[in-house]
Amino acid sequence: MEAIGHAGTCLGILASDGVVLVAERRNTNKLLDEVASSEKIYKLNDDLACSVAGITSDANVLTNELRLIAQRYMLQYQQPIPCEQIVSTLCDVKQAYTQFGGKRPFGVSILYMGWDKQYGFQLYQSDPSGNYGGWKATCIGNNSAAAVSMLKQEYKDGEINIEKTLTLAIKVLNKTLDVNKMTAERVEMATLTREKGKTIIRILADSEVDALIKKHEEVAKQETEKKKADKK
C-alpha cells in the first residue's frame with residue numbers, strides 16, 4: 001500500500017459514451033529509449049484495458065495473467081470475457097497471496113476500463129488485498145484523496161461525454177501532480193469508445209494531450225481574470 005501511495009497518479013472516469021484512463025508518467029528521462037508505446041496503460045484484449053499504480057514488475061506479472069484469463073475464456077466459450085469476471089478472477093489470485101505464508105502480496109492497484117454486452121461501459125478498481133469495486137470516477141496513486149474529492153464536486157452523472165471527460169481528467173490531474181507546469185510527456189491518456197459495433201481503445205498522441213493542456217490553461221486563465229474582475 002505504501003508503494004501505491006507513492007506511485008504515479010492514475011485516474012479513471014466513466015462517460016456516457018466511453019471511458020477515460022489517465023496516468024502520470026514518472027520516467028521522463030531523455031536518455032530512455034521509448035520502445036513501448038505506453039508505460040502505464042496496458043491493453044488486455046479488444047474490449048479491456050487497465051492502468052496500474054505500484055511496483056511495475058508486479059504489474060507486468062498481473063497484466064500478463066489478465067491477458068491469459070481473457071484468452072482462456074475466449075478459447076473456451078468463443079466470446080469475450082465480461083468485465084467483472086476478469087476483475088474478480090484476478091482478485092481471487094491476489095487474495096490468495098494475502099492468505100498463505102511464504103509469499104508477499106502484489107504491490108499493485110489496478111484501474112480497469114472495459115465494455116461488455118451485459119452492462120456497457122464499465123470502470124473497476126482493485127487493491128492488493130483482492131478487494132474490487134465498480135466506479136463512475138476514481139483515482140489511485142499519489143494524491144489520490146485530493147483527486148477523488150475534486151471528482152466528487154466536478155463529476156456530473158449522465159451529463160458527461162468523452163470530450164468533457166478528457167477536459168475534467170486534465171483539470172484534476174493538474175491539481176494533483178507535483179509539478180509547476182503539466183506537460184504532455186508527463187501524462188498518458190487512453191480512451192475506450194464504441195464505433196460501428198466495435199470497441200476502440202486509443203492511446204492519445206502527445207500532440208492531442210498538449211492541445212488539451214493548452215485548452216485547460218486558457219480556461220483557468222479566464223477564470224482567474226474573471227475572479228479578479230468580480231473582486232474589483
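Student: Is N143 buried, partly exposed or exposed?
Tutor: Buried means under 20% relative accessible area, exposed over 50%, and partly exposed in between, with a 1.4 Å probe and protein chains only. The relative accessibility of N143 is 32%. N143 therefore counts as partly exposed.

Student: What kind of model is this, and how are residues numbered?
Tutor: This is a predicted model, in which local features need pLDDT of at least 70, side-chain atom pairs count only at pLDDT 80 or more, and totals for chains, interfaces and linings use all residues. Side-chain values use heavy atoms, with hydrogens and water left out, and residues are numbered from 1 along each chain as its sequence is written.

Student: Where is N143, and what is its phi near?
Tutor: N143 sits in the loop between strand 8 (137–140) and helix 4; helices (H or I, at least four residues) and strands (E, at least two) are DSSP runs, numbered from the N terminus. Its phi is positive, in a residue other than glycine, and is near 55 degrees.

Student: K196 also has a positive phi; is K196 buried or exposed?
Tutor: K196 is in the loop between strand 9 and strand 10 (198–203). Its phi is about 50 degrees, although K196 is not a glycine. With a relative accessible area of 86%, K196 is exposed.

Student: Which residues of helix 5 touch helix 4?
Tutor: The two helices pack at an angle of about 145 degrees with their axes 9 Å apart; axes are lines fitted to C-alpha atoms, for helices over the stretch in contact, and angles run from 0 to 180 degrees between N-to-C directions. Contact means heavy atoms within 4.5 Å. On the side of helix 4 the contact is made by A146, A147, M150, L151 and E154, and on the side of helix 5 by L168, K171, V172, K175 and T176.

Student: How many charged residues does that contact have?
Tutor: Ala, Val, Leu, Ile, Met, Phe, Trp, Tyr, Cys and Pro count as nonpolar, Asp, Glu, Lys and Arg as charged, and the others, Gly among them, as polar. By these classes, the contact of helix 4 with helix 5 has six nonpolar residues, one polar and three charged.

Student: Which residues of helix 6 are buried?
Tutor: What covers them includes helix 5 (162–176) and strand 9 (187–195). The buried residues are V209, L212, I213 and H216.

Student: Which side chain does the side chain of E188 contact?
Tutor: E188 is in strand 9 and is buried, with a relative accessible area of 1%. A polar contact is a pair of N or O atoms within 3.5 Å; within protein, one must be able to donate a hydrogen and the other to accept it, and residues adjacent in sequence count only if both atoms are side-chain atoms. A polar atom of the E188 side chain lies 3.2 Å from the backbone nitrogen of I41. At 2.9 Å, the side chain of E188 makes a polar contact with that of R25.

Student: Which backbone nitrogen does the side chain of D58 reach?
Tutor: D58 is in helix 2 (residues 56–77) and counts as buried at 7% relative accessibility. Its side chain reaches, at 2.9 Å, the backbone nitrogen of G107.
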